[in-house]
Amino acid sequence: MPLTETRNLRGGTSCWQPEGHQAVVSDAFPDHDVDIAIVGAGVMGAMLAERLTATGRSVALFDRRPPGHGSTAASTALAMWAADVPLTHLASRIGVNEAARRWRRVHAAVRALAERIDRLSIDAARVDRPELYLAGTLLDETALAVECEARRAAGLPSTFLDGDAVASRFGLPARAALLSEGGYEVDPVRLTLSLLARAREHGATVTYPVDIIAIEQSDAGNILHTAEGRSVTARDVILATGYERARLFLPEAFSVSSSYAIATPPGTAPLWRESAMIWEASSPYIYARATSDGRVIAGGEDESFEDGARRDALIGVKRGTLQAKLGKIIGRDDVPVDCAWGAAFGSSPDGLPAIGRAANHEGIWLASGFGGNGVTFAALATELITAELDGHSDPDAACFDPYRFPS
């Protein structure tokens, strides 16, 4: 079995075009051992590299594609702390205290990332936004009020608004919602490239295109082998390969499906007040947000299959569906669409990522941000794995262990 899957990660036209940024010139393949090798140079790998090089470690990143050209370029980059599975639903499965513990830890990671982006002046087009979680088929108005009480009991910043309050403040059709603070938007490609630039300033190398096909354990560490017959030894290896799963290590509970998104032309926003991030508590769901250049992005309409060609064949249909749903949510029937795309999307039973040591292989780590909060989960993975490598395990690490689900 190959080390990771190879798949068509995205199709159509995303509004985040990595080709529009200055290209990251590939470094030569390392000719010396390194402390840490990271397989994957998307937002997850970039965030890990920036943090680990800042602590003095030697880091080498490898990717099949240029940095930011995979799933990162298809992300809609809402940095939120609410998971895909509502807190009340998660609490019914694992208990109130454990569910609240996980959500609080994700919230802390979101806020810590915002502070780091601002403090280090990382170019990410970060803008704080309120989040509106609208009543829908998954949580109606009554269930949404219960969800609000659960969040507030957990110490999380959410407030219940009735439909009239939503309409008055945000200029949207009246519908009950939870108003949450602490989220923000970013440009995922700019964030990734800026993080990589900082990591390289601290000595990291970024080599592409290169396909790591196997990892061999030795007394010196882990030897990474490429398809071309080259190799490099690292003490630790972090698999940050996104939705190209490392099937030897990642359990079947972490699944890949297909998701869709559209974007308006620049300068369209604002179409509602405060450019709030909107998310509907429905299945299938829809979410929407504005960008720093005045686009409105909407996404959702997930399908359960993985096949890229089948996914991309539906982009035209999904474009129309998302356009109509967006118009209904914001009360407009004239929303223009400039870009439409489909992409691989990963999920888990609890809406939370797979972060931690790989089973049965010393020195290999999984940083798999499965769930709707890819940027958020990259921040969380960076904190948890860095703590482990520093020798002091995060007390919440077990909450996100890749093997927490029964096999």
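These legends go with a set of close-up views of a predicted model. Local features are described only where pLDDT is at least 70 and side-chain atom pairs only at pLDDT 80 or more, while totals for chains, interfaces and linings use all residues. Numbering runs from 1 along each chain as its sequence is written, and side-chain values use heavy atoms, with hydrogens and water left out.

View 1. Helices (H or I, at least four residues) and strands (E, at least two) are DSSP runs, numbered from the N terminus. H4 takes in residues 141-153, and its 13 residues should span 18 Å at 1.5 Å a residue; the expected span is 1.5 Å times one less than the number of residues. The end C-alpha atoms sit 19 Å apart, which agrees. Leu144, Glu147, Cys148 and Arg151 are the buried residues here, where buried means under 20% relative accessible area, exposed over 50%, and partly exposed in between (1.4 Å probe, protein chains only). They cover an arc of only 105° around the axis, so they lie on the same side of H4; the arc is taken from the directions from the helix axis to the C-beta atoms. Turned away from that side are the exposed Thr142, Glu149 and Ala153.

**View 2. What H4 packs against, and its two ends.** The buried residues of H4 pack against helix H2 (87-94), helix H3 (96-119) and strands E5 (127-134), E6 (158-161) and E7 (177-185), with contact meaning heavy atoms within 4.5 Å. At the start of H4, a side-chain oxygen of Asp140 comes to within 3.2 Å of the backbone nitrogen of Thr142. After the helix comes Gly155, with a positive phi near 85°.

View 3. Leu87, Leu90 and Ala91 are buried in H2. Their arc around the axis is only 105°, which puts them on the same side of H2. H3 and H4 are among the elements covering these residues. Ser92 and Arg93 are exposed on the face turned away from the buried side. Gly95 follows H2, and its phi is positive too, near 100°.

**View 4. Leu179 in strand E7.** Leu179 is found in E7 and counts as buried at 7% relative accessibility. Setting aside neighbours within four places in sequence, its contacts include Pro130, Glu131, Leu132, Leu161 and Phe170.

**View 5. Ser259 and its partner Asp302.** Ser259 belongs to strand E12 (residues 255-263) and is buried, with a relative accessible area of 9%. Its side chain makes a polar contact with the side chain of Asp302 at 2.6 Å. Such a contact is a pair of N or O atoms within 3.5 Å; within protein, one must be able to donate a hydrogen and the other to accept it, and residues adjacent in sequence count only if both atoms are side-chain atoms. Beyond four places in sequence, Ser259 also touches residues including Tyr285, Trp341 and Phe345.

**View 6. Leu224 in the largest nonpolar core.** A nonpolar core is a set of buried Ala, Val, Leu, Ile, Met, Phe, Trp, Tyr and Cys residues joined through side-chain atoms within 4.5 Å. Of the 104 residues in the largest one, Ile38, Leu191, Leu224 and Leu239 touch the most other members. Leaving aside neighbours within four places in sequence, Leu224 is in contact with residues including Ala37, Val39, Phe62 and Val237. A second, separate core of 29 residues includes Leu172, Leu271, Ile315 and Ile330.
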